Structure formats: structure tokens, C-alpha cells
Amino acid sequence: MKSQGWNKNWHDARLEIIPNGHTSSTTCYVAAAQGAIIRDGEGNEYIDFAGGIGVMNIGHSHPNVVAAIKTQVEKFTHTCFAVAPYDAPVRLAQRLAALTPGKFAKKVMFLNSGAEAVENAVKIARYFTKRPAIIVFENAYHGRTLLTMSMTSKVKPYKLGFGPFAPEIYRMPYGDAVGPDHLKDFFIKNVNPEAVAAVVAEPVQGEGGFVAPPPGYFQQLTQICHEQGILFICDEIQSGMGRTGRMFAIEHWGVEPDLICVAKSLAAGMPLSAVVGRQEIMDSVHDAGLGGTYVANPVACEAALAVLDVFEREDMLNKSVILGQKLRSHLEHLAKRYPIVGGVRGLGAMLGIELIEKDGMSATDLAKQLATYCFENGLIILVCGSYGNIVRLLPPFVITDEQLAKAFDIMESGLAHISGRVQPSLSAAAQ
Ligand code: PMP
């Protein structure tokens, strides 16, 4: 165990040198992480319901991933794929092309972050279609670069003061708000469909509040896209890599996107993202039109290959399905007991609860209080949604039943606390 002041010391030092705009939702300074547990430098343990924002689906420090990274690091770490290429991205591309929905020929390009994947998917879609416009959705989140921030829906904190924004982005309501018939109307009132390169959608919205669309929505949406020569770009950055019980959430509806963006849990914490798409679209761009110094980094690609092996060997998809059922039953229990819980939302193991005030309004402050309470008692949870009142759960699939029970004890106690009720005894509070 390190000194008692570790967290505070590092927090104070961080405030001096890291810009204020780059905040963290907790104040534990991590020393190690394993499976579903994070440890800080004071020896405190936290159950991790955030997974580094959906990055650690197979758990922290999986030994096979650690081994793959070590092996590659000892060989070489960077030569730049655009200068002296190597085989790991080729092998990974072959596997991703086979794993993603769509039986057609595909090509795969690697990038470093989710935002960069979305940027490149849009670049490629515009190039292929020779059309400028992009349709996105309310409550969408696609990243923080100029283009992806412009595509993102929520003003504060993501866009406030950061304009002017990228042009030719049109936003429509998502799934449960308005059916895809709205798209036809949208073409009358907002944008000429012949000017639209792509519709970009998260199959289950992440930062926007874990919103799953009604059945049939994506089938109809993509049908309209198809009729209009508009590409469908599926942002699977948060919903992918098994989180909803399928490798990619869009598989729930049998839809084959033209381009798919993958990141987060793809490489279990190494910065890696990918655009997987129809061959003729991906190949339309001229020589050297795509790239980047670090893209297709060999260490990150080897980590991702190990992740895919772990998915197969340890039946991670099945683990995700079972976890989703357990999470749902725990959350439904909470929804029955606590009026502050307005409902359970999401799909598979991508679930959250909506917190509401007595008058039905979004309980933004209470959601923050719940997250703080949970953290102080050894559970890391995240809030999301346009009103900041959705508590979302993204635990690793390898979380144990004991850890789950302990986490839900803490959550329940936290809900009692913020509801102003007598707290049930908190047997499980972390030390
Ligand atoms: N798209 C979605 C759906 C996301 O959830 C995120 C990250 N939360 C991004 C894009 C951006 O990814 P990154 O932070 O790696 O740029």
C-alpha cells in the first residue's frame, strides 16, 4: 500500500498542470487494474462499471493481451505503416472483415481513436458519393474533433464555445422520437437527398443516454438510404465488440452497413480504431489520400488480435448475453423499489437507468450525487444523456457474481441515500 496522500497529492499536482477543461469523473489515481477491479495507489479497490468508457469489455489486464503487447514491444513499436509496413494490421483487417456484418467484399483501415474513425468514414463516404451532406441524430455522440464535435448533439460540455462548426451536417430526431418516415419529410424540409453522402448513426446511442431504437427502425432507415444512394455509416464505437450481446449491435436487426466504425474495446485499452467498409467504397479514394503517422500501430494491432482470440476462446459473447440478463434483473429490481428510477433502458449488457424527480423531470443533480456516493463506497459508475440523468453500466463481461452483488448493494444503498430514505446496511462498502 502506498502513502495515504497518494490520491490527493496527485490530484493537487494534476490541477496545477493539466488544463481545467480536461476533468475526470473520479479522484482515484490508478495504480493497477485487473478484471473488473481498479486499485488506486492507496490500496483502495473499486468495482469498475465504467470500463474506461466501454473499452474494457474483456476486463482489465487480460493476460493474453498483456502478453501480446509485451511480445510486440520487444520486436518493434513503430516504423509507420505508410513507410515500412508489417503484417499485424493485415491479419487484423482480415479478421474484422470476416466478423463484421455483410457478406460482400470489404476493406479495413485503421486509425487511433473513435473520432478519427468517424472522420475517415465521412471523408470516404463524401469521396465515393461526391456529395457533401451528412445526416446525424439528436443525442448523437461521435467525438471531439471539429467534424465529429459538429456531428455530436449535446452542446454543453462538448460544443459550447468551440464553434464555428463544420458545415453540411443535418440533424434529425432518433429512433424512439420519430420513425424513419420522418426522413422523407426531412428531405422536403431540410436537405436535398441527392446532396447527402451518408447517414451516420449509433445503433444504440451511448453518450446520448443508452437509447435503443424501436424494432424495424434501422431496416426502414437503411432502405430509404439505399433508395436515395445515401451510404449508411454505423458508429459501433460504444455499442460494438459484444456489448449488446452480438459482436456488433446492428446485427440485432439484420442490417448490413456500408461502413462501420469500431474502436474502444477493439484493443482493450490500446488506442486503436477501424473503419470497415464495402470494398468499392473504401477503394475509391486516390493513392495516399488516407493515413496518419501512428495509424495501424503494431502494438495496438497485436493487442486487438489477442482480444479477438479471447472473444473466441472464452466465449465472450455468451458472457455478455448472461451479464446483460443479470444487469437487467438487478436494474428492474431497483426500478420497482425506487420511484426515482424512471426506467431501465438499453440493449444486452449496454444498460442504464433513468433518474427522475418527483415531478418527472430529469434528476441531473441526483445522478451526480449517486455517482459520487457510489465512488466513495467503492463503485465507479458513469452518467450520460442529454440531461445527465442516465446512469449507464459498462462493466467488463468477466465481472464475477460476487462483484456484481457487491456493486448493486452499493448502488441500492446510494439510491436510498439520494431518495432521502433510511439506508439499508451497506455490507459491501469498499474499504
Ligand atoms: N462514437 C461513439 C458512439 C462514442 O461513444 C465515442 C466515445 N465515447 C466516440 C465516437 C469517440 O471516440 P473517441 O473518444 O475514441 O474519439
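Which residue takes a positive phi near 60° in the hairpin of E11 and E12? That residue is Gly 348, and the hairpin has two residues between its strands. Before we go on, note that this is a predicted model, where local features need pLDDT of at least 70, side-chain atom pairs count only at pLDDT 80 or more, and totals for chains, interfaces and linings use all residues. Residues are numbered from 1 along each chain as its sequence is written.

Strands and helices here are DSSP runs numbered from the N terminus (strands, E, at least two residues; helices, H or I, at least four). Strand E11 (residues 341–347) runs antiparallel to E12, joined by six bridges; two strands pair if DSSP finds at least two bridges between them. Val 341, for example, has Leu 355 as its bridge partner in E12. E12 also pairs with strand E15 (residues 390–393), again in the antiparallel sense, over four bridges. There, Leu 351 is partnered by Leu 393 of E15.

Now look at how E12 sits. Six of the six residues of this strand (residues 350–355) are buried, so E12 is largely enclosed by the rest of the structure. A residue is buried if 20 or more other C-beta atoms, placed from the backbone, lie within 10 Å of its own. In a regular strand the side chains alternate between the two faces of the sheet. Here Met 350, Gly 352 and Glu 354 point one way, while Leu 351, Ile 353 and Leu 355 point the other way.

Let's step back to the whole chain. The protein is divided into domain 1 (6–58 + 315–418) and domain 2 (63–313), with bounds that come from an automatic or database domain assignment. Their C-alpha centres lie 25 Å apart. The contact between them takes 25 residues from domain 1 and 28 residues from domain 2, where contact means C-beta atoms, placed from the backbone, within 7 Å.

Technical notes. Buried ≥ 20, exposed ≤ 12 C-beta atoms within 10 Å, placed from the backbone. Contact = placed C-beta atoms within 7 Å.
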